[in-house]
Amino acid sequence: MAPSHQHSHSQSFPRHSVVPSSSSMSGSSSMSAAKARQYAHLHSQLAQLNAHLADTENLLRMTAVQAEDMRFLGGYVGALFMGSAKVLGEEGVKGEGTSEQQQSGDEKS
């Protein structure tokens, strides 16, 4: 005859009480107080993190606006330099040409 795969109810397993005893109740209240304190601390850290994240978002937005302004100023200053180089460069070339002609004229006489 093949062995049966049914569980036997004759075995008894030790059962642990679900109701806490008086000594474990005082331990669980201190554990719950510690957990409550840890949750309060975690909540305050999360609120601080959220505030810092909002500050970072605002700073990043301001940085993006300032970067656009810096790009505009860079183009503006570059245009001023190119314009001044053109104006001063022409005068410098004319001035050097005239001064060289004057010097060579002075040497001939």
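1. Aromatic pairing. Searching the whole structure, a predicted model, turns up 1 aromatic pair. Rings of Phe, Tyr and Trp (its six-membered ring) pair if their centres lie within 6.5 Å; planes under 30 degrees apart count as stacked, over 60 as edge-to-face and the rest as tilted. The partners are Phe72 and Tyr76, in a stacked arrangement. Their centres are 6.2 Å apart, with 25° between the planes. Both sit in helix H1, 4 residues apart, so about one helical turn separates them. Phe72 is exposed, at 58% relative accessible area. Tyr76 is partly exposed, at 48%. (Buried means under 20% relative accessible area, exposed over 50%, partly exposed in between, with a 1.4 Å probe and protein chains only.)

2. Basis of the values. Local features need pLDDT of at least 70, and side-chain atom pairs count only at pLDDT 80 or more, while totals for chains, interfaces and linings use all residues. Numbering runs from 1 along each chain as its sequence is written, and side-chain values use heavy atoms, leaving out hydrogens and water.

3. Confidence. pLDDT is the predictor's confidence in each residue, from 0 to 100. The protein chain averages 77, and 58% of the residues score at least 70. Over residues 1-10 the pLDDT is below 50.

4. Fold and surface. The protein chain has 1 helix and 0 strands. These are DSSP runs (helices: H or I, at least four residues; strands: E, at least two), numbered from the N terminus. Of the 109 residues, 0% are buried. The chain's accessible surface is about 10,600 Å², and carbon and sulfur atoms account for 62% of it. Areas come from the Shrake-Rupley method with a 1.4 Å probe; for residues, only the protein chains shown count as cover.

5. Nonpolar patch. Met70, Phe72, Leu73, Tyr76, Val77, Leu80 and Phe81 make up a nonpolar surface patch. Patch residues have over 30% relative accessible area and no salt bridge; like charges are joined within 9 Å, nonpolar side chains (Val, Leu, Ile, Met, Phe, Trp, Tyr) within 5 Å. Val77 lies in helix H1, residues 22-108. Val77 is partly exposed, at 38%.

6. Salt bridge. The structure holds 1 salt bridge (a side-chain nitrogen of Lys or Arg within 4 Å of a carboxyl oxygen of Asp or Glu). Arg61 pairs with Glu57, the closest N and O atoms being 3.1 Å apart. Both lie in helix H1, 4 residues apart, about one turn. Arg61 is partly exposed at 46%; Glu57 is partly exposed at 46%.

Definitions and conventions. Contact = heavy atoms within 4.5 Å.
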